[in-house]
Structure formats: structure tokens, C-alpha cells
Amino acid sequence: MMPMVNVPAGFADVLIGTGYLLLRFHQSLARDGQKNGLPRPMPILAGEHDFNALYIDSVYMVDRICGPKASTDNPRLAENRDNFQKLWAKEFS
């Protein structure tokens with residue numbers, strides 16, 4: 001049996017309100033991601049910070065493509081990746 005603990009007045013109200021706010025935020029991310037889409041299929045990572053009541057982390061997969069398709073064949077991306085790998089090797093070898 002858990003001991004009875006006195007909590008400040010309104011604590012339950014804040015806890016329930018915070019949970020509802022987080023729920024609506026996550027619902028809007030999932031809804032808008034599917035409605036509006038992204039340049040390529042990818043997950044949206046969602047979490048909360050400094051709400052102190054709940055800790056919710058979720059991943060929403062967005063399959064809808066909109067606008068110009070994002071490409072990973074961009075030469076600048078390859079150059080940036082090569083530069084990063086060189087810096088990484090230099091720093092940690």
C-alpha cells in the first residue's frame with residue numbers, strides 16, 4: 001500500500017493539463033506530417049522537454065512526398081560527408 005502524500009493544490013490539474021497538451025501536440029505532428037508530407041519519406045522524432053509531468057517520445061513515419069524530392073546524390077552532400085569523415089578520422093585516430 002502506498003503512503004498518502006500531500007500535494008499542492010492544483011497539482012492534479014496541472015498534471016492532467018500538461019498530459020492533454022502533450023497529447024494534442026503529438027496528434028498534430030502525426031496529422032500534419034501525413035497531410036502536408038516531406039521531401040522524402042522519413043520519420044519525425046517528437047518528445048517533450050521541461051514539462052515535468054510526463055515523458056513522451058514518439059516516432060511518426062511520414063510516407064507522403066511533397067515538393068521537389070530530396071536527393072542524396074547531391075555532389076555537395078558527398079563533399080561534406082567526405083570532409084566530415086576526414087575530420088572525424090583526424091580527431092579520433
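The exercises below, each with a worked solution, concern a predicted model of a protein chain. Residues are numbered from 1 along each chain as its sequence is written, and side-chain values use heavy atoms, with hydrogens and water left out. Local features need pLDDT of at least 70 and side-chain atom pairs count only at pLDDT 80 or more, while totals for chains, interfaces and linings use all residues.

**Exercise 1.** State which elements the protein chain contains and in what order they run.

*Solution.* Helices (H or I, at least four residues) and strands (E, at least two) are taken as DSSP runs, numbered from the N terminus. The protein chain has two helices and two strands. Read from the N terminus, their order is α-β-β-α.

**Exercise 2.** Determine how strands E1 and E2 pair.

*Solution.* Two strands pair if DSSP finds at least two bridges between them. Strand E1 (residues 42-46) meets E2 in the antiparallel sense, over five bridges. Within this pairing, alanine 46 is opposite serine 58 of E2. In strand E2 (residues 58-62), Ser58, Tyr60 and Val62 make up the covered face, whereas Val59 and Met61 make up the uncovered one.

**Exercise 3.** Find the aromatic pair and describe its geometry.

*Solution.* Rings of Phe, Tyr and Trp (its six-membered ring) pair if their centres lie within 6.5 Å; planes under 30 degrees apart count as stacked, over 60 as edge-to-face and the rest as tilted. Phenylalanine 84 and tryptophan 88 form it, with 5.9 Å centre to centre and 35° between the planes, a tilted arrangement. Because they are four residues apart in helix H2 (residues 75-92), about one helical turn separates phenylalanine 84 and tryptophan 88.

Conventions
Buried < 20%, exposed > 50% of the residue type's maximum accessible area, 1.4 Å probe, protein only.
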